[in-house]
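The sequence and structure come first, and the text follows.

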Amino acid sequence: MAATSRPPIRFIVLTDLHLSDRLDTAAHSALQWAIETINTERPDFLAIAGDATTYGTHTSTANLLAALDRLQVPVYFTPGNAELRNRNGLSLLGNRLSPANRHLRLDDLSILLPDTSTGAIPATERQWLDNLSGIDGATRRILITHYPLDALVAESAEWLNQWL
């Protein structure tokens, strides 16, 4: 009997957009182009891996969300350090940043977006990752973070390396 072939998982990651409060910037134009491309390509999801705004302001975050409302695919977020510069924008992201909304399961694949916005993996995120890895039963995992492994503080990088 031939093995069943599953379709590949297709996704797009956007990071470090650094959108300002203004709509007449190259970064905002690039986001508009990305949205059109994503709607054409129709990946399974879009992940935004932090620093979507430059200063985390209410206006820049509202502009980001208004642009993303045009997307025809699910969007998942994890914050970056820029979102922490002004907490006003974080309130607009609200529930999108909750642990339940930073995890996606597609077939036997688990996609996790831990919060590394401080340059570390806090204890709450470690517990969340441990809990999910113990109960989700996925045979494959993708981890999407703002800070790459080699840019995390040494202790967090060591922990994550062991977790992986």
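Among contacts in the protein between residues at least 6 apart in sequence, those joining residues at least 24 apart make up 78%; contact means heavy atoms within 4.5 Å. The model is predicted, with local features needing pLDDT of at least 70, side-chain atom pairs counting only at pLDDT 80 or more, and totals for chains, interfaces and linings using all residues. Residues are numbered from 1 along each chain as its sequence is written, and side-chain values use heavy atoms, with hydrogens and water left out.

**Overall fold**

The protein has 5 helices and 6 strands, in the order β-α-β-α-β-α-β-β-α-β-α along the sequence. Helices (H or I, at least four residues) and strands (E, at least two) are DSSP runs, numbered from the N terminus. Along the principal axes, the C-alpha atoms fill a box of roughly 55 × 40 × 25 Å.

The accessible surface comes to about 8,600 Å², and 53% of it belongs to carbon and sulfur atoms. Areas come from the Shrake-Rupley method with a 1.4 Å probe; for residues, only the protein chains shown count as cover. Of the 164 residues, 46% count as buried. Buried means under 20% relative accessible area, exposed over 50%, and partly exposed in between (1.4 Å probe, protein chains only).

**Helices**

Which residues of helix 2 (residues 58-68) are buried? They are S60, T61, N63, L64, L65, A67 and L68. The cover over the buried residues of helix 2 includes helix 1 (26-41), strand 2 (45-49), strand 3 (75-78) and helix 3.

The axes of helix 4 (residues 123-135) and helix 5 (residues 154-163) come within 12 Å and cross at roughly 0°. Helix 4 is therefore roughly parallel to helix 5. Axes are lines fitted to C-alpha atoms, for helices over the stretch in contact, and angles run from 0 to 180 degrees between N-to-C directions. Angles under 35 degrees count as roughly parallel, over 145 as roughly antiparallel, 65 to 115 as roughly perpendicular and the rest as oblique. Helix 4 contributes R126, L129, D130 and S133 to the contact, and helix 5 contributes E155, S156, W159 and W163. By class, the contact has 3 nonpolar, 2 polar and 3 charged residues. Here Ala, Val, Leu, Ile, Met, Phe, Trp, Tyr, Cys and Pro count as nonpolar, Asp, Glu, Lys and Arg as charged, and the others, Gly among them, as polar.

**Single residues**

Most residues other than glycine have a negative phi. D16, in the loop between strand 1 (11-14) and helix 1, has a positive phi near 55°. D107 lies in the loop between strand 4 and strand 5 (109-112), and its phi is also positive, at about 55°.

Two prolines are placed as follows. P8 is in the segment before strand 1, and its C-alpha is 37 Å from that of R85, 77 residues away in sequence. P99 is in the loop between helix 3 (88-93) and strand 4 (103-106); from P99 to T53 the C-alpha distance is 21 Å, across 46 residues of sequence.

| Residue | Relative accessible area | Class |
|---|---|---|
| P8 | 63% | exposed |
| D16 | 38% | partly exposed |
| P99 | 36% | partly exposed |
| D107 | 55% | exposed |
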